[in-house]
Amino acid sequence: MRLLQVNKLVVEFPSRHGTLRAIDGISFDIAPGEILGVVGESGAGKSLTGASIIGLLEPPGRIASGSITLQGERIDQYSNDQMRHIRGRKIGAIFQDPLTSLNPLYTVGRQITETIQAHLPVSDDEAKQRAIRLLQDTGIPAAAERMDHYPHQFSGGMRQRVVIAMALAAEPQLIVADEPTTALDVSIQAQIIGLLKTICKDRGAAVMLITHDMGVIAETCDRVAVMYAGRIVEIGPVHEVINRPSHPYTSGLMASIPDMTSDRERLNQIDGAMPRLNAIPQGCAFNPRCPQVFERCKQERPELRPATATQAACWLIPGGAV
Amino acid sequence: MTQTWQRWWHSDLGYSFRTSPLAMAAALIAFVCIFCSVFAGWVSPTNPFDLATLELSDSRLPPAWMQGGSTHYLLGSDDQGRDILSALIYGARISLVVGVASVLVSVLVGVSMGLLAGYLGGWVDTVLMRLCDVMLSFPAILVALLIAGVGRALFPNADESLAFGVLIISISLTGWVQYARTVRGTTLVERNKEYVQAARVTGVSSGRIMLRHVLPNVLGPVMVLATIQVATAIITEATLSFLGVGVPPTSPSLGTLIRVGNDYLFSGEWWITIFPGLMLVLIALSVNLLGDWLRDALNPRLR
Amino acid sequence: MSSQALVVAHDLAKTFDVSAPWLNRVLEGKPRQLLHAVDGVSFEIERGTTLALVGESGCGKSTVARLLVGLYEPTRGGLRFGGQDAYAAFKSPEAKAMRKRIQMIFQDPYASLNPRWTVDAIIGEPLLEHGMIQDAAELQARVAELLQSVGLSALDMPKYPHQFSGGQRQRISIARALATAPEFLVCDEPTSALDVSVQAQVLNIMKDLQRERGLTYLFISHNLAVVRHVSDKVGVMYLGRLVELADKHTLFANPQHPYTRMLLDAIPKMHDTGRARTPVQGEVPNPLNPPTGCSFHPRCPLVTERCQTERPLLRELKGIKIACHAVS
């Protein structure tokens with residue numbers, strides 16, 4: 001059974017200029033233990049997708065239609081109280097800024113044991129032991145002593161490890177990580193993504209990794225979904241999407257990333273910019289910028305359909321709808 | 001002009017204004033008060049300070065709707081036969097002039113100090129901030145009383161405009177510190193922004209940077225403060241006039257009227273003091289509400 | 001030391017006093033704290049080329065950028081620009097002439113343009129400041145020309161910054177920097193805050209402009225892939241010091257310094273995943289309390305006794321410059 005199933009999710013923001021669709025009918029799923037990357041540029045809607053799944057969508061944003069199913073349970077219409085039980089126990093979250101993810105007034109140990117005891121029926125001692133083990137597993141030296149330290153006494157990379165430990169504390173099946181390494185130095189970044197990968201595989205937790213950094217996706221994920229203007233334009237195994245993309249946006253994106261192996265005079269550029277939410281073109285959202293656009297692209301919006309090695313939402317791909 | 005007005009009306013700020021009945025009501029009331037004050041000569045039924053028109057026999061008449069009242073004196077008359085309504089309108093004018101003028105002086109002094117302290121830093125900052133601290137340790141009314149009292153003692157035979165000047169300065173001295181602090185804080189933030197650094201790299205002088213780059217960006221909170229402070233300044237002036245150290249008695253403001261009327265309160269002629277009091281509340285409240293709306297409208301988080 | 005180079009930095013250093021206020025120090029007995037943000041950096045940039053400075057947080061590259069444009073005064077060391085002593089020039093009445101030739105582009109596209117000014121005022125300011133134009137009509141014409149050279153249009157002149165996207169704002173910053181026809185541009189992480197496809201646009205424009213106008217760039221970045229694309233020479237910084245300075249191809253093909261190697265290894269790569277890596281150790285130490293001797297020694301796989309006590313100097317080695325005891 002699929003661990004997470006998102007079906008035709010639509011997220012809207014009512015505003016004085018009309019209702020803006022930030023996410024326009026996306027569907028994907030995550031298998032147990034799998035690492036799915038969600039990549040896209042700013043404004044594509046990837047953080048909102050993560051927020052909708054965890055149930056932390058800020059009003060006036062709301063889920064207008066579609067469904068989110070976690071282990072067979074529909075969670076998109078849950079009240080805040082119901083989501084509280086899901087968060088931590090079934091879904092863990094890691095955000096970008098480790099400084100604001102931890103409460104500066106409580107010791108790290110207290111925050112982890114609190115998370116454990118909120119969801120699992122264990123004694124104080126058992127919780128403390130588990131917390132120490134978690135800190136050790138995330139690579140924090142002298143874990144037993146550092147339990148009593150405050151967040152400001154840790155460096156950036158160490159703090160992010162604590163956040164990972166906290167996310168895994170109640171043994172969730174799914175971790176949603178929103179730009180977990182963007183605020184970190186390159187050398188630390190490598191350590192953290194390595195850690196994320198091993199610790200999740202060890203515990204059998206699936207990961208939804210949201211980021212704009214294709215290098216991180218390439219190193220960590222099994223599959224990746226490429227988002228554009230609130231829609232998924234391509235989804236598939238990570239190396240296929242990177243090396244044999246079928247959607248013009250994906251191939252344009254890959255070609256514009258400066259890379260350590262190739263030597264080019266000019267980087268490929270996609271002219272223009274992602275459309276604003278109140279000006280999304282009719283038909284395929286990418287059509288004004290697409291080098292291979294034709295008439296149908298401007299009229300009808302394509303759905304995801306199987307392409308060479310991935311699924312892509314593009315009229316260039318022959319065949320029926322998925 | 002109309003194009004700017006159109007643009008404002010359709011902007012986010014204009015939208016916020018249009019959808020807030022409280023803000024619109026407050027703006028209307030404030031506008032009416034200001035209009036009446038400015039055009040007092042035309043709006044007011046009589047000129048209460050023109051001694052020739054006063055009729056002593058008409059003194060202490062109750063408001064028109066009560067028994068014994070007359071439509072000539074809509075809100076009644078005071079002990080010298082002055083029409084209360086007219087006195088209100090002229091009094092409001094004085095109050096508003098003093099209130100707005102003292103806020104303008106406060107803003108000028110406070111914003112300049114704040115800019116200098118925030119941008120130049122170092123000992124300039126330290127000296128100015130300690131000055132602010134000293135000012136804050138005195139209660140506002142006491143400062144005003146002190147200045148007003150000293151002014152009178154120094155210039156016992158001063159003419160009216162000097163008295164007004166002293167009054168405006170004494171009220172503005174109570175309020176400038178807030179502006180200095182707020183502007184200093186915002187200046188410290190803006191000073192480190194890259195557009196200021198870009199100007200420095202180009203070689204623009206510090207004075208020009210402060211005035212043309214930083215100042216426009218720090219005025220937002222200042223406008224909110226200033227609006228609310230107009231109300232405070234008017235009440236401070238009323239208090240001082242009530243205590244007898246405010247405006248000269250020949251140009252009574254609302255505070256003076258309240259004081260004069262106070263003596264007749266318990267003999268039953270309540271209208272002489274209540275109506276000026278109500279007017280004061282109306283002006284202060286509407287200006288305050290406008291300031292509140294402005295603060296919420298300009299707050300980026302609430303948008 | 002060739003005297004042909006346009007920019008010659010010699011032993012530049014900048015120390016910040018970050019001690020607690022005097023009263024606290026006296027009452028709590030706290031010591032003075034000095035932050036050696038830049039600790040003796042020397043390099044040369046030839047006219048028409050790009051030198052990139054890379055490093056992680058706390059390495060001092062942004063401080064070097066600000067030293068080169070005169071936003072900071074150095075604690076020691078000097079800078080020669082076109083044969084002239086730059087810092088003396090900045091303090092003299094001829095400062096304006098020097099400032100015309102050096103300009104800067106910043107990292108944050110949202111903070112680098114004054115939100116209350118229109119685009120034509122922003123780009124026109126350097127022109128007015130240096131008295132380069134005579135009247136309003138000429139100003140409008142020059143601003144329009146500058147906007148077009150970065151791929152925007154003259155119709156954008158009366159607009160405000162918030163009406164533009166991040167990439168467009170960065171282009172406006174570039175147009176402003178080019179207004180005085182400078183010879184040298186210091187670029188402090190100009191594309192780090194931009195999306196990948198927008199970054200490609202901006203980098204392409206920068207390269208085109210360099211070719212057309214013979215510009216010299218100092219390009220600061222933490223992104224090695226971008227650096228590899230734009231630079232001719234690369235300098236790697238760590239805790240305020242240069243550890244390696246080499247021609248781009250040499251550095252990426254054959255990095256010598258252990259820190260450079262570690263950095264190159266750590267970058268997540270799109271097309272070369274799953275390769276063997278040297279395990280990365282530790283984190284960047286606190287710049288207020290740097291290690292003695294070579295500041296990299298606590299994390300270095302080649303550490304020796306000497307590294308803990310003696311600071312290695314930047315020396316020539318087979319055509320590159322490197323500061324390391326182990327590799328010499």
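Predicted model: local features only at pLDDT ≥ 70, side-chain atom pairs only at ≥ 80, totals over all residues.
Two strands count as paired here if DSSP finds at least two bridges between them. With that in hand, take strand 3 of chain A, residues 35–39, and strand 9 of chain A, residues 223–228: they run parallel and are joined by four bridges. One position to look at is A:Leu36, which sits opposite A:Arg223 in strand 9 of chain A.

For chain C the mean pLDDT is 88, with 96% of its residues at 70 or more.

Back to the sheet in chain A. The sheet is open, has eight strands with mixed pairing, and the order is 6-7-8-3-9-10-12-11. Which strands stand at the edges? They are strand 6, at 91–94, and strand 11, at 305–306, both of chain A; each has a single partner strand, so one side of each has no neighbour in the sheet.

Next, the helices over these strands. Helix 1 of chain A, residues 46–54, lies across strands 3, 6, 7, 8 and 9 of chain A, at about 145 degrees to strand 7 of chain A. Helix 7 of chain A, residues 156–168, lies across strand 6 and strand 7 of chain A, and runs at about 170 degrees to strand 6 of chain A.

Last, the contact between chains A and C. Chain A contributes 32 residues and chain C contributes 30 residues. On the chain A side, helix 8 (186–203), helix 9 (214–220) and helix 11 (248–256) each supply at least two residues. Helix 8 of chain A gives the most, with six residues. By class, that side of chain A has 15 nonpolar, twelve polar and five charged residues.

Technical notes. Residues numbered from 1 in each chain as written. Chains lettered and ligands numbered in written order. Contact = placed C-beta atoms within 7 Å. Nonpolar A, V, L, I, M, F, W, Y, C, P; charged D, E, K, R; others polar. pLDDT = per-residue confidence, 0-100. Axes fitted to C-alpha atoms, helices over the stretch in contact; angles between N-to-C directions.
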